[in-house]
Amino acid sequence: AMPAAVLEEPMGAFYIVEFTRELNGIPLAFDYPPRSGSIYSQVRLYGDVMKIYINDQGIFRAEGYCRSYSETGTVELSVSLDDAIAILRDNLDYVNASTESSTFEVTEIGLCYRLVQQLPSSDPDVQAKAEARPVWRFSSGINRNQTDTFTMFVDAATGEVLP
């Protein structure tokens with residue numbers, strides 16, 4: 001649960017409980033990508049997360065995505081963590097970071113899945129049909145508000161930097 005937040009509304013303090021999705025025991029990233037650069041041409045695909053808002057009176061809101069998934073194949077993870085760190089360093093000049101300063105500290109490194117757009121942005125099924133690709137995730141935190149957060153995803157099979 002996140003700490004209670006006080007809003008300037010009659011609702012007052014509340015908690016947010018987040019339920020995130022895992023595929024075969026590996027989490028599905030749900031960072032909100034920043035709105036700039038080349039990823040502007042793509043639809044913003046968020047990973048599956050259900051958020052339950054609770055105050056003293058009980059649950060007052062539930063929201064989120066919960067897609068169905070089907071396995072269509074497997075890939076071999078050929079990019080080691082050391083290789084991914086080298087790719088991170090090589091691509092720092094091209095990062096779409098939503099930090100207010102030019103410095104940040106990577107505090108989270110892990111293997112997860114990242115949803116990647118497969119259909120044209122104009123297709124009505126673009127949010128429903130995506131590919132979950134295994135990635136190394138480097139981040140200074142979970143990007144919920146698109147500010148003060150650095151996140152980079154390196155495909156663990158190809159070494160490609162993903163949006």
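Modeller: Arg21 counts as partly exposed because its relative accessibility is 23%. The cut-offs are under 20% relative accessible area for buried, over 50% for exposed, and partly exposed in between, with a 1.4 Å probe and protein chains only. This is a predicted model, where local features need pLDDT of at least 70 and side-chain atom pairs count only at pLDDT 80 or more, while totals for chains, interfaces and linings use all residues. Residues are numbered from 1 along each chain as its sequence is written, and side-chain values use heavy atoms, with hydrogens and water left out.

Now the partner. The side chain of Arg21 meets that of Asp48 in a salt bridge, 2.8 Å from N to O. A salt bridge here is a side-chain nitrogen of Lys or Arg within 4 Å of a carboxyl oxygen of Asp or Glu. This pair links distant parts of the chain, 27 residues apart. Arg21 sits in the loop between strand 2 (13-20) and strand 3, and Asp48 in the loop between strand 4 and strand 5 (49-55). Helices (H or I, at least four residues) and strands (E, at least two) are DSSP runs, numbered from the N terminus.

Why is Asp48 classed as buried? Its relative accessibility is 2%, so Asp48 falls in that class. Asp48 also meets Arg67 in a salt bridge, 2.6 Å from N to O. Arg67 lies in the loop between strand 6 (58-64) and helix 1, so this pair ties together parts that are 19 residues apart in sequence. Both Asp48 and Arg67 are buried. Together, Arg21, Asp48 and Arg67 are linked in a network of salt bridges.

The structure holds six salt bridges. Another one joins the side chains of Arg133 and Glu160, at 2.8 Å from N to O. Arg133 is in strand 8 and Glu160 in the loop between strand 9 and strand 10, again a link across 27 residues. Arg133 counts as buried because its relative accessibility is 14%. Glu160 is at 38%, so Glu160 counts as partly exposed.

Strand 5 is mostly covered, with five of its seven residues buried. Strand 5 runs antiparallel to strand 2, joined by six bridges. Two strands pair if DSSP finds at least two bridges between them. Tyr53 of strand 5 is the bridge partner of Ile16. Strand 5 also pairs with strand 6, in the antiparallel sense, over six bridges. The two form a hairpin with two residues between them. There, Asn55 stands opposite Gly58 in strand 6.

One backbone detail belongs to a loop. Asn24 lies between strand 3 (22-23) and strand 4 (26-27). Asn24 has a positive phi of about 55 degrees, although it is not a glycine. Most residues other than glycine have a negative phi. Asn24 is exposed, because its relative accessible area is 68%.

Strand 7 pairs with strand 8 (130-139) over ten bridges. Gln117 stands opposite Ala130 in strand 8. A contact means heavy atoms within 4.5 Å.

Helix 1 covers residues 81-90, and Leu81 lies in it. Leu81 counts as partly exposed because its relative accessibility is 32%. Leu81, Leu92, Phe104, Val106 and Ile109 make a nonpolar surface patch of about 370 Å². Patches are made of residues with over 30% relative accessible area and no salt bridge: like charges are joined within 9 Å, nonpolar side chains (Val, Leu, Ile, Met, Phe, Trp, Tyr) within 5 Å. Accessible areas come from the Shrake-Rupley method with a 1.4 Å probe, and for residues only the protein chains shown count as cover.

Finally, the whole chain. The protein has one helix and ten strands. Of its 163 residues, 34% count as buried. The accessible surface comes to about 10000 Å², of which 50% belongs to carbon and sulfur atoms. Among contacts with a separation of 6 or more, residues 24 or more positions apart account for 59%.
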